[in-house]
Amino acid sequence: MRRKAILITGAAGEVGQALVERLAEQNNNHVISMDIRPLPPELDAKVQHIVGDILDQSLFDRLVSEYDITHIYHLAALLSTRAEYSPMLAHNVNVGGTMRLLQLAAEQSEWKSEPVIFIFPSSVAAFGMGSLENKAENPRPQEWEWNKPITMYGCNKLYGETLGIYYSNNYKQLSENEPAMLDFRCVRFPGLISAFTVPSGGTSDYGPEMLHAAAQGKPYASFVREDAAISFMAMPDAVTSLIQLAAAPRENLSHQIYNITAFSLSAEEFAAHVKKHFPDADITYSPDISRQRIIDSWPIDMNDDAARRDWGWKPAYDAEHAFSDYLVPNIRKRYE
Ligand code: AKB
C-alpha cells in the first residue's frame, strides 16, 4: 500500500519554509517537500526533501508510484518583480508548473476516487486597479472585482486560479456521478512579512526589507513612495490560513478563491512602525518607476469577509502586534 503524504512545492521559499516547519510539528504527517534549492539543514532533517524542478514529469511519476498524495500545497512561483525580468520563465514555472501539479492531482483523485486537496496561494497581484483614483475609491475589492492584473505574475496567478476551478469542476467534462475530482482551494495573499527569512523577487518586499535593514543598523531607501499602500500579513498567519483552509469542511466553502488580509499600511506608516522599535532607522524614499507602478495597481486592502465567514479566517496579528510580538523580538534575536 502506498504511504499517505502531503506534498509541498516551492518549499525552500519564504512561505514554504514556514509551512514545512509547521506541518512537520504535527507528527502524524509525512511531508514531502520539493524545490530547486535545498532546504536549510535544520528544516531538511524534519521532512523528506527532494531537490528537483516542478517541470520534470519523471519526478512526479516516481512520487505517485510510492505515495498516496492527499494534499498538495503548490507554492512554487517566480514573484512579481522577478517575473517582469523573465516573463517566459515565469510563465513556464507559474503556469506550466501549476498545470502539471493540477493534472497530477486530478489523475490521482480520479484513480483513487477521492479528491486530492490542492491548496494554491494566489496573490493581491491578481488585481489591477487601473488608476490611483480607482485604487482610492475601491479600497477593499471583492475576489471577482478588478481582476485586470498588469504583471506577468498577476496574470499567471489569475490563470492558475481559473485552471484550478476548471480541474476541480469541469475536467474532461465529467458528470457529478463520475469519480471524484480534485478539491481546489485558493487564498489570495497580501504582502507577507517574516522574521526569519528576507524576501526576494517580490514587489511588496520594501516592507520586510525596511525592517530587516533597520534591525541590522543599515540605511534603507524604499523603492516606492511614502504614500504607496497595500495590505500585509505576518508569516505565521499566512501559514495558519493555508492549513485552516485545507482543513475546512468542503460544504462550508462557498468560494474556491478567497481574499485574505491582516492590515493595510502605507510605506510611511510601515516605516513609523519600524522606527517605533528601531528609533535610529535611516529610511528614505527613492521610488523605482516600474515597481511603483506595480504597487499602484494593487488594492489598498482586500475584502476578506467570505474567508472569515466560511472557514473562520481571523489573523492573529494586527499591525501593532505583528511588530511588537512576532517580528521585532525574533528579528532582534536573528541579528544579535
Ligand atoms: C510579490 O510582491 O510579488 C509577492 C506577492 C504580493 O504576491 N510578495
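**Helix packing and ligand surroundings**

Author: Happy to! In this predicted model, helix α1 (residues 14-25) and helix α9 (residues 235-247) have axes that come within 10 Å and cross at roughly 65°. α1 is therefore roughly perpendicular to α9.

Reader: Which hand does the crossing of α1 and α9 have?

Author: The α1 and α9 crossing is right-handed. From α1, the contact is made by E14, V15, A18, L19, R22 and L23, and from α9 by M235, P236, V239, T240, L242 and I243.

Reader: And how many of those are nonpolar, polar or charged?

Author: The contact of α1 with α9 has 9 nonpolar residues, 1 polar and 2 charged.

Reader: Thanks! What about α8 and α13, at what angle do their axes cross?

Author: Helix α8 (residues 206-215) and helix α13 (residues 319-335) cross at roughly 50°, with axes that come within 9 Å. These two are therefore oblique to each other. α8 supplies L211, H212 and A215 to the contact, while α13 supplies F323, L327, I331, R334 and Y335. By class, that gives 6 nonpolar, 1 polar and 1 charged.

Reader: Switching topic: which residues surround the ligand?

Author: Around the ligand are L79, S80, S123, V124, Y153, G202, T203, S204 and W298.

Reader: Nice. Which ligand atom does the polar side-chain atom of S80 lie 2.5 Å from?

Author: That S80 atom is 2.5 Å from an oxygen atom of the ligand. Y153 also has a polar side-chain atom 2.8 Å from a ligand oxygen atom.

Conventions:
Residues numbered from 1 in each chain as written. Predicted model: local features only at pLDDT ≥ 70, side-chain atom pairs only at ≥ 80, totals over all residues. Heavy atoms only, no water. Axes fitted to C-alpha atoms, helices over the stretch in contact; angles between N-to-C directions. Helix = DSSP H or I, 4+ residues; strand = E, 2+ residues; numbered from the N terminus. Parallel < 35°, antiparallel > 145°, perpendicular 65-115°, else oblique. Contact = heavy atoms within 4.5 Å. Nonpolar A, V, L, I, M, F, W, Y, C, P; charged D, E, K, R; others polar. Near = heavy atom within 4 Å. Polar contact = N/O pair within 3.5 Å; in protein donor to acceptor, adjacent residues only side chain to side chain. Left-handed = near helix turned anticlockwise from the far one by under 90°.
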